[in-house]
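I opened a new structure today and kept notes on what I looked up. The entries are in the order in which I made them.

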Amino acid sequence: MVSRAEVNHTFTDEELDELRGFGTVESHKAGDLLVEEGAMAPDCIVTLSGHTDIFASTDEGRKRVGWMEHGQFAGDLSVLTGQRHLSRVEMGADGEILRIAHADFQRLIAGNSHFSDIFIRILSARREFSKHRGFAVTIIIGAAMDRSVYAMRDLLMKHGVAHRWFDPADGPVAAHLMAERGLREDQLPVAILGAAEVLVQPTPEQLAAALGLDLLPDGATADVLVVGSGPGGLAAAVYAASEGLTVIALDSLAPGGQAGTSSKIENYLGFPTGISGNELARRATVQAQKFGARLVSPVRAASIGRDGDAYCLHLADGRKLRSRAVVVASAPNIRACRSRVSNPMKAAASIMARRRWKRSCAATPR
Ligand SMILES: Cc1cc2nc3c(=O)[nH]c(=O)nc-3n(C[C@H](O)[C@H](O)[C@H](O)COP(=O)(O)OP(=O)(O)OC[C@H]3O[C@@H](n4cnc5c(N)ncnc54)[C@H](O)[C@@H]3O)c2cc1C
């Protein structure tokens, strides 16, 4: 369990001077709204004077869960991923803040390893902290036996989106939330996102789009397109993005692939005591995003063609993406893997390792 001490950091005045180059200084009165709960692509707010208050939705309603003083920053992992912000940030006392816009924050993280180490460590700890404390702006209401409720919860869990789920049969909370929003029982299941948005009987794709997991415009281009975000695809995304290439990695389900379902992987290099597949996927996802790779899912690739000098990837929903190189890491029956990434062997190595692992499983008596 993550402790309160692990979810905060105070920047020195020298560090604050450096951070000023990435944002704008604003003066605010106590009570001013700085970031709304559920905001997409949220800004990172650093307190320069006064303090900011953090409010989060909990099972007992909206609560003040913390405050940020001089040199401390407000924001959760969504300031990096662009997903919905888990909390509402308000000015707690008259003072000044440094507002770092989402795009500038990504530039800061990709280009400065000192700040990137601090932000990634604290933001990851905050996401864990809020999961355990039950803070979540995404609420699902629907019956336990409803297949679409399962599909929505599966999508949220695989993408690491903190959420709360209420079955109307389990108590009065669901009825209360529905009455507040004028929802009827025949409209279930519903997804409530942030302060105002309600999705009635959404498909996983609609839910993903509303959460900002798939905001890929038709015709998007990249240096490298990666099909499949299992360990192989994520490794290719990390290597390509860290070399400065623009990368879009997509997956028809969610990042993590088969490994994401494993309770403990003991033969992954660098983890002598093992690591859960879920944790491996979470770390690899953050690592790829830290270098600026864009991860989108659920999005299914249907076919690849040529478009002059470029590749054209056709998605199942009709969108087309263009790139100079495509890494196909959509195991198990991979037939084509054409890549012009700086080191294509790194992606291929993962695929070879999987094949070797399968062969060794077949050879090992159980
Ligand atoms: C329960 C379990 C336990 C395991 N334990 C271990 C272990 O302990 N040690 C070990 O070495 N290996 C283990 N493995 C195997 C390991 O997980 C795989 O070798 C590894 O995940 C392969 O990685 P990959 O990226 O090549 O493919 P995958 O993990 O299969 O990822 C492929 C991804 O591509 C996506 N995809 C497929 N088609 C498309 C498409 N058309 N468009 C977009 N996306 C697509 C899929 O959704 C998937 O996420 C385990 C596997 C399982 C299921």
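Entry one. I noted that this is a predicted model. I then looked up the largest nonpolar core, which has 23 residues. Phe-11, Leu-19, Phe-73, Ile-100, Phe-105, Leu-108 and Phe-119 touch the most other members. I listed the elements that each supply at least two residues of this core: α1 (13–20), β3 (44–47), α2 (78–81), β8 (95–100), α3 (102–111) and α4 (113–133). The most comes from α4, with six residues.

Entry two. I picked Phe-105 and looked up its contacts, not counting residues up to four places away in sequence. Phe-105 touches Cys-44, Val-79, Leu-80, Ile-100, Phe-119 and Leu-123.

How do the axes of α3 and α4 cross? I read roughly 115°, with the axes coming within 6 Å. The two helices, α3 and α4, are therefore roughly perpendicular to each other. On the α3 side I found Phe-105, Leu-108, Ile-109 and Gly-111, which meet Ser-113, Phe-115, Ser-116, Phe-119, Ile-120 and Leu-123 in α4. I sorted this contact by class and got seven nonpolar, three polar and no charged residues.

I located Thr-138 in strand β9 (residues 138–141). Is Thr-138 buried or exposed? Its relative accessible area is 2%, so I put Thr-138 down as buried. Leaving aside neighbours within four places in sequence, I found Thr-138 in contact with Leu-156, Val-161, Ala-162, His-163, Arg-164, Ile-192, Leu-193 and Leu-211.

Technical notes:
Residues numbered from 1 in each chain as written. Predicted model: local features only at pLDDT ≥ 70, side-chain atom pairs only at ≥ 80, totals over all residues. Heavy atoms only, no water. Core = buried A, V, L, I, M, F, W, Y, C linked by side-chain atoms within 4.5 Å. Buried < 20%, exposed > 50% of the residue type's maximum accessible area, 1.4 Å probe, protein only. Helix = DSSP H or I, 4+ residues; strand = E, 2+ residues; numbered from the N terminus. Contact = heavy atoms within 4.5 Å. Axes fitted to C-alpha atoms, helices over the stretch in contact; angles between N-to-C directions. Parallel < 35°, antiparallel > 145°, perpendicular 65-115°, else oblique. Nonpolar A, V, L, I, M, F, W, Y, C, P; charged D, E, K, R; others polar.
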